[in-house]
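Reader: I have a model open and would like to talk it through with you. Could we settle the terms as we go along?

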Amino acid sequence: RVRTNLNGTYLDAMAKYAREDYAGARDGLKLYLEEKGFEKNAHMYLACAYLATGEPFEAELQLDHLERASTMQFKDQTEWYTVVCLLCSDQLDRALEGAVKIASSKAHRYKIEAAQLVKDLGK
């Protein structure tokens with residue numbers, strides 16, 4: 001992307017994300033989301049950064065923002081990463097329930113991963 005005064009904070013945060021500096025990416029993405037006109041996909045990256053830094057409850061809040069958005073662009077991602085958040089916060093019954101739902105769906109981007117999780121959780 002071409003750097004502009006509107007996306008500099010985002011690009012800096014994503015550079016940290018690419019270097020697997022998830023704490024730095026988390027902090028930069030939080031700042032970016034305070035700016036006017038931010039891109040909604042920043043919520044997804046922030047959720048992943050929160051998961052990488054051991055903050056599943058904060059990650060789930062970011063996913064909630066995407067679920068409330070008028071676009072269905074992130075439907076599969078929010079469903080799967082919500083399951084991951086539940087798993088990371090030891091809500092195994094709820095994680096299993098979500099994984100079963102995804103694994104049994106007709107078409108889902110994370111169908112294979114969800115089926116493996118169901119198997120791993122012993123159901």
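Author: Let us begin with contact, which means heavy atoms within 4.5 Å. With that in hand, the buried residues of helix 2 pack against helix 1 and helix 3 (41-52). This is a predicted model, in which local features need pLDDT of at least 70 and side-chain atom pairs count only at pLDDT 80 or more, while totals for chains, interfaces and linings use all residues. Residues are numbered from 1 along each chain as its sequence is written, and side-chain values use heavy atoms, with hydrogens and water left out.

Reader: Which residues of helix 2 are the buried ones?

Author: They are Gly24, Ala25, Arg26, Gly28, Leu29 and Tyr32. Buried means under 20% relative accessible area, exposed means over 50%, and partly exposed lies in between, with a 1.4 Å probe and protein chains only.

Reader: And how many helices and strands does the protein chain have?

Author: There are seven helices and zero strands, and read along the sequence the pattern is α-α-α-α-α-α-α. Helices (H or I, at least four residues) and strands (E, at least two) are DSSP runs, numbered from the N terminus.

Reader: What share of the protein chain counts as buried, and what box do the C-alpha atoms fill?

Author: Of the 123 residues, 42% count as buried, and the C-alpha atoms fill a box of roughly 50 × 30 × 20 Å, taken along the principal axes. Among contacts with a separation of 6 or more, 43% come from residues 24 or more positions apart.

Reader: Switching to rings, how many aromatic pairs does the structure hold?

Author: It holds five aromatic pairs, where rings of Phe, Tyr and Trp (its six-membered ring) pair if their centres lie within 6.5 Å, and planes under 30 degrees apart count as stacked, over 60 as edge-to-face and the rest as tilted. One of them joins Tyr10 and Tyr32, whose ring centres are 4.8 Å apart with planes at 35°, so this pair is tilted. Tyr10 lies in helix 1 (residues 8-18) and Tyr32 in helix 2 (residues 22-32), so the pair ties together parts that are 22 residues apart in sequence.

Reader: Are Tyr10 and Tyr32 buried or exposed?

Author: Tyr10 counts as buried at 4% relative accessibility, and Tyr32 is buried with a relative accessible area of 2%. Another pair is Tyr17 with Tyr22, whose ring centres lie 5.2 Å apart and whose planes meet at 80°, so that pair is edge-to-face.

Reader: Which residues do ring pairs link into a cluster?

Author: Tyr17, Tyr22 and Tyr45 are linked in this way. Tyr17 counts as buried at 18% relative accessibility, whereas Tyr22 is partly exposed, with a relative accessible area of 24%.

Reader: Now Leu63, please: what does it touch?

Author: Not counting residues up to four places away in sequence, Leu63 touches Met44, Ala47, Thr78, Tyr81, Thr82 and Cys85. Leu63 is found in helix 4 (residues 56-68) and counts as buried, at 0% relative accessibility.

Reader: Last one: where does Ser89 lie, and which backbone oxygen does its side chain reach?

Author: Ser89 lies in the loop between helix 5 (75-88) and helix 6 (92-103), and its side chain reaches the backbone oxygen of Cys85 at 2.9 Å. Ser89 is buried, with a relative accessible area of 15%, and, leaving aside neighbours within four places in sequence, Ser89 is in contact with Pro56 and Phe57.

Notes
Polar contact = N/O pair within 3.5 Å; in protein donor to acceptor, adjacent residues only side chain to side chain.
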